[in-house]
Structures are given as structure tokens and as C-alpha cells.
Amino acid sequence: MADFPQTTMSDNSVRIDFANTYARLPERFFARLDPTPVSFPQLIKLNNGLVENLGIHPNHLRTVEGVQILSGNQVPEGAEPLSMAYAGHQFGNWVPQLGDGRAILLGEVIGRDGIRRDLQLKGAGRTPFSRMGDGRSVLGPVLREYVVSEAMHSLGVPTTRALGAISTGDKVKRERLFPGAILARVARSHVRVGTFQFFAARQDKDALRLLADYVIARHFPEECPQSRPYHGLLKAVVKRQAKLLARWQLVGFIHGVMNTDNTSVSGETIDYGPCAFMDSYHPETVYSSIDETGRYAYRNQPGIAYWNLGCFAQTLIPLFGEDVDVAISQAEEILGNYPALFEKVYLSGLRSKIGLLKERGGDRELVQDLLDRMAKNAADYTLTFRRLSDLTGPRSGSDEPVRSLFKNPSDFDNWVSRWRHRLAMENINDVQRQAAMKLVNPAYIPRNHLVEEAINAATIGEDFSYFDKLLTVLSSPYQELPGSEKFAAPPRPDEVVLATYCGT
Ligand code: AMP
Ligand code: MG
């Protein structure tokens, strides 16, 4: 454990060094309120490393007082609880008022790494933004967000993180009654594209400028020159989203609800609802039960992020200058960089996934050909690339482990000889290449059927051991753990999960 100041038995009260800034913004940015108490809070899981990074002693959060705080039953000293106002496009439809309907921001904490993070309780009760909702969260989706967001972090994808999960002891009504839970999560901030839209729609230019200045100071101080700070802001957000989307595509992650209110301007993955990782590769894959038209299908994600960025750019037009036509053309120019920025990161990632270090003409076609063959043959996305790493190693045996993932293995054979020909043009030995490939091609992802199994064991049997084991395996996704083969394997046909449900 990290070094903490010596504590005595009597000195185990929870101290969180809040350093709040959002609460200093004008009152129309949020609603101040305390979380609504729950009946019988119990700690399910605490993310020790993250807790330590926030300068909090994990043992203190495990005490009765700690659990009271994580459940919202007690507001810790220094917290200034509030729910943030925002708007957004949901599945393309404009909703002028959303806001945190069940999340309460306790405040901000500057970590030992110097990074300021929001500490938020999701499922903490009704707020003025709850509309028809009950302000609560259900255990299953809380565990899903916990597992998937932590897996994303370990995979190296920018994301909000899970600090802890609490069961509330209360039942939550959905199609039927479910056990209630709260997720304590941290984020670089919870400002969304929808936060900007909220003020833009109200033509509240003062608020827009304050929000933009706030985001610049908090996230992009070095990328926003004083002469044109808001152009810099748009550029920075476009760049972050391009990178984020490339990373999602490379690991096979499908967010499921890419609404503008679920798009963080800091470039983190946020608001895990009916999200899932692809098993067998197909670009049209959709899991979300609410995404009936496939708007947020895997292949559409980069384009949807572009669309969301268009919404963001629009909100900044009033800040770009007096001449609206000039402002629009400037915004369009910055926005127009997105496809190339995305493609650059995506292609370079794909190249690494198949073990290519040098850039050569034809690489895009080579990797696209593999993806097309994978789609045609329902090959497992993660395993194809992971096992491809094994084929390049010094002691690689037959191609069978990869070709057997293809319904028609000869489709792989046709590709692999061209790949080997291309590998021969690289100046790297097999050992180095294999090691490099294994660092970008995970062995473990939070596969749907594993997440479901963990949720079912916890919800039905109150058994959290499977959830714990899954978290452990996923914390080192690039490293095979002996005895954990089950966690690397694709689902059997009877285990395949076809639909994931929204995180309500
Ligand atoms: P989401 O797409 O899940 O991020 O949520 C969309 C909006 O619905 C946000 O404003 C949420 O705060 C709100 N919301 C979702 N579930 C609930 C709930 N159970 N009670 C109140 N508001 C909710
Ligand atoms: Mg949301």
C-alpha cells in the first residue's frame, strides 16, 4: 500500500481533500442538492489503487462512515453536491433539457498524479433533472459500468473510472423489481457536448463563454492560444474524439448510446449503458436493445462522433467572432480535420495489430482484406488478432489456431501468405514483433457473456466472486494468466448475448 500519514485507531475518519471549481460557476449551471439516503448501504467493491491516487485511505472508505459517504447517506466535509444541467441530441432528436437525473457530483479532487477529477455518485436519488425517472440505478448496470470502464482503462482507452460500488438495500422498479446500487465514479470532468448545447439553445452567450473558458482552463490550457482560444478548444475536442473513436474501433468496443449528452469534451468514454465488446467481427454489430435502427452500430461510431462534434462546433460559433459566415467557415475547417485525424490513429493502430512497423502503400488494403474475411467468416475479433501474434513468433507452429476461427479456413489461408510476404519487408526480428503485437492485441476483453454471468451471479445469487475474478483478469488484458482460458474464449453458441439493456 502507498505511504499514508500514520493514523491511529481513533483517527480513521474519512478525509477527502475537495478542490471544487464547477460549484463556483453561476447557479444556472446546476442544481445544488444532497443525495437521497438509502436504506442499508453495503460496499460491494472499492477500487483501492484509484482511491489511493485520490489521496484517500482505502481502509477509511471501508468504514461505516466511508460506506455512508459512498452511498450518499452522508455528505463529506468539503463536498458541494450538485447535479449538472445539460441538453442533448438523443438518437438524433433534440432534447432541450436533460441534466443529471440520477447523478450527483460531490466535488473535485486533485489526485497524486496532479490530475483534477470529479467524484460523482450515480444512482444517488432524484434531482430537478430527473423528469420521469426515479433517480436510481440497478445493480446489474452498475456492475457492467464498473467492469467495462475499468477494462477500458486497462486497455489504455481514455475513460471515466469506477471508484466503488455500493448496494443500497432498496429495490428499484424497472420491468420488475431489481436490487438497487450506486456507482461512485471519477472523471476528468463531466462536461459534455450537451452541456454546451444547453446554453447555446438558450442563447446564453455569457454562460457559453464561461463554460468554454472553464473547459479550456481545466482540460486544454496549452492548446488554446489567447488570440483564438475557442478555435483552440474546438481543435482540441475534435482531436480527442478522433483518437478516442479510433481506440474504440481498435478494441471492438460499441458504446451503444452515442448521444451528444454522452459525449465528454475531455475525450473520455462516458456513460456506459448498453455497451458491449464485439465477439465475432461484423461492422454492423449492434447490441443495445434500444438502438432499433442501428444508428450506433460499430461501423457508424466514427461518423456519429463526427456528427456530435458538428453539434459541438455549432455551439461555439457565437464565440468565434462577430461575422457569423466567417465563424462558420472557420469551424467547418477545424471540424473537417476529423476524418483524417481519425484515419491516421486508426490505420496506425491497425498496422500495429498486424505487426507492421513501417508504413507502406497497400497496408490499408491488406488489413481491410483481413477484416472483410473476418466479417464473412464470423471470426472472433479479439482472438484473431491475439492469435495472429502467436503466428509470427519464433516457435510458431501451424496456422490452425487462427484459421479455425474462420468458418471457411481457406479464406484465412488466402490472406496469410500475403501477410507473411509483407512481414518479410520489415526490419524486426520475430521475438520483438511478437512482443509488440501482444502489447496491442488484448487476450482479455469484457466479453458480453462473461459480464452477464458476473451480473447474474451477483443479482440472483448475491455472489460477487465471479465479478471480482473478472475484474482481476481484465486488469492485465495483454498478459495471459494461467488458468484463465475461460475468460479469453468466445461464447459458445448457447452463451451468445444478443442484446444488452440500457443502463437504467
Ligand atoms: P443516459 O442516456 O443513460 O446517459 O441517460 C439520459 C438521461 O436520462 C440523463 O439525463 C440521465 O440523467 C437520465 N436518466 C437515466 N436514468 C434515469 C433514472 N433512473 N432517473 C432519473 N433520470 C435518469
Ligand atoms: Mg448520459
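Domain bounds here come from an automatic or database domain assignment. With that said, this is a predicted model, and the assignment divides the chain into domain 1 (22–190), domain 2 (194–346) and domain 3 (355–438). If you take the C-alpha centres of domain 1 and domain 3, they lie 42 Å apart.

Next, one helix. Helix 8 covers residues 301–320, which is 20 residues. From first C-alpha to last, helix 8 reaches 28 Å, close to the 28 Å expected at 1.5 Å a residue. Helix 8 does have a kink, though. Where is the kink in helix 8? The kink is at glutamine 314, shortly before proline 318, and amounts to about 25°. After helix 8 comes glycine 321, and the phi of glycine 321 is positive, near 150°.

Now to cavities. How many cavities of 30 Å³ or more does a search of the whole structure find? The search finds three. The largest cavity has a volume of about 70 Å³. That largest cavity is lined by 13 residues, and those closest to its centre are Gln241, Trp248, Met258, Asn262 and Thr263. Helix 7 gives the most, with three residues. By type, the lining of the largest cavity has five nonpolar residues, seven polar and one charged.

Last, some backbone angles. As background, most residues other than glycine have a negative phi.

Phenylalanine 91 is not a glycine, yet its phi is positive, about 50°. You will find phenylalanine 91 in the loop between strand 4 (88–90) and strand 5 (93–95). Phenylalanine 91 counts as partly exposed because its relative accessibility is 25%, and the partly exposed class runs between the buried limit of under 20% and the exposed limit of over 50%.

Glutamate 462 also has a positive phi, near 50°, and is a residue other than glycine. Its place is the loop between helix 16 (448–461) and helix 17 (465–474). Is glutamate 462 buried or exposed? Glutamate 462 has a relative accessibility of 66%, so it counts as exposed.

That is what I have for today.

Conventions
Residues are numbered from 1 along each chain as its sequence is written. Chains are lettered from A and ligands numbered from 1 in the order in which they are written. This is a predicted model: local features need pLDDT of at least 70, side-chain atom pairs count only at pLDDT 80 or more; totals for chains, interfaces and linings use all residues. Side-chain values use heavy atoms; hydrogens and water are left out. Helices (H or I, at least four residues) and strands (E, at least two) are DSSP runs, numbered from the N terminus. The expected span of a helix is 1.5 Å times one less than its number of residues. The bend at a residue is the angle between axes fitted to the seven residues ending there and the seven starting there. On a 1 Å grid over the protein atoms alone, a cavity is a set of points where a 1.4 Å probe fits but cannot get out, and a pocket is an open set with protein on both sides within 12 Å along at least five of seven lines; lining residues have an atom within 4 Å of a point. Grid points are joined across faces, edges and corners, and a volume is the space filled by probe spheres set on the points. Ala, Val, Leu, Ile, Met, Phe, Trp, Tyr, Cys and Pro count as nonpolar, Asp, Glu, Lys and Arg as charged, and the others, Gly among them, as polar. Buried means under 20% relative accessible area, exposed over 50%, partly exposed in between (1.4 Å probe, protein chains only).
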